[in-house]
Amino acid sequence: MARSIGADRVIDYTQEDFCQNEGRYDLILAVNGYHPILDYRRVLSPEGIYVQTGGSMAQIFQALLLGPFISMTGSKKMSSLGTVKQNQSDLLFMKELLEAGKVVPVIDKRYSLSEITEAFRYLGEGHARGKVIITVEHNNK
Ligand SMILES: NC(=O)c1ccc[n+]([C@@H]2O[C@H](COP(=O)([O-])OP(=O)(O)OC[C@H]3O[C@@H](n4cnc5c(N)ncnc54)[C@H](OP(=O)(O)O)[C@@H]3O)[C@@H](O)[C@H]2O)c1
């Protein structure tokens with residue numbers, strides 16, 4: 001699935017620890033993950049950027065509390081999406097990327113509102129491959 005939306009190289013986290021290989025990364029978008037923040041810092045390229053968007057509570061707090069200090073001590077930048085202010089121009093930029101097919105949303109499953117318990121159970125298993133959608137049908141009768 002990752003390859004189908006444009007990834008040139010995919011690392012299976014159950015088989016290989018990317019912090020142990022020789023790779024150096026310009027951008028780490030930490031959607032899920034459980035490494036200490038200093039592991040991510042080590043594998044960033046000299047001007048690399050790390051942005052935490054999800055993952056374990058430890059990962060979230062480390063990015064929020066330690067990220068600003070780490071960013072002040074060198075050329076690598078570490079931050080959390082939680083501190084970003086969303087604005088209209090960013091949303092319009094995302095709209096352009098989506099319309100141009102440069103960003104492809106991946107929808108794993110769709111549930112109706114009455115199936116919401118099942119949707120949360122599925123999401124709670126932690127292996128959804130993309131977004132899980134709840135469809136709210138409007139009944140105008
Ligand atoms: N900041 C925000 O605005 C925002 C918004 C939405 C979600 N989030 C956060 O983003 C994260 C992802 O959410 P999600 O909706 O995509 O659902 P999710 O259930 O957290 O993600 C499932 C996916 O993550 C993979 N995965 C699980 N553990 C991993 C690991 N240690 N390393 C790499 N991949 C791993 C799973 O792959 P396998 O099936 O192969 O295990 C699966 O493809 C969550 O932590 C969520 O809280 C943040």
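Ser112 has Thr135 in S5 as its bridge partner. Residue numbers start from 1 along each chain, as its sequence is written. The model is predicted: local features need pLDDT of at least 70, side-chain atom pairs count only at pLDDT 80 or more, and totals for chains, interfaces and linings use all residues.

Staying with S5, Arg110 stands opposite Ile133. Strand S4, residues 107-112, runs parallel to S5, and five bridges join the two. Strands here are DSSP runs of E, at least two residues, and helices are runs of H or I, at least four, numbered from the N terminus; two strands pair if DSSP finds at least two bridges between them.

How many residues of S4 are buried? The number is zero of six, so S4 lies largely in the open. Buried means 20 or more other C-beta atoms within 10 Å of the residue's own, with C-beta atoms placed from the backbone.

Together with helix H5, residues 116-124, S4 and S5 make a right-handed β-α-β unit. Right-handed means that, with the strands pointing away from the viewer, the path from the first strand over the helix to the second runs clockwise.

Now the ligand. It is surrounded by 14 residues, the closest being Tyr13, Asn32, Thr53, Gly54 and His127; the cut-off is a C-beta atom, placed from the backbone, within 6 Å. Domain 1 (3-83) and domain 2 (98-135) each supply at least three residues of that shell, with bounds from an automatic or database domain assignment.

Note on methods: A residue is buried if 20 or more other C-beta atoms lie within 10 Å of its own, exposed if 12 or fewer, and partly exposed in between; C-beta atoms are placed from the backbone.
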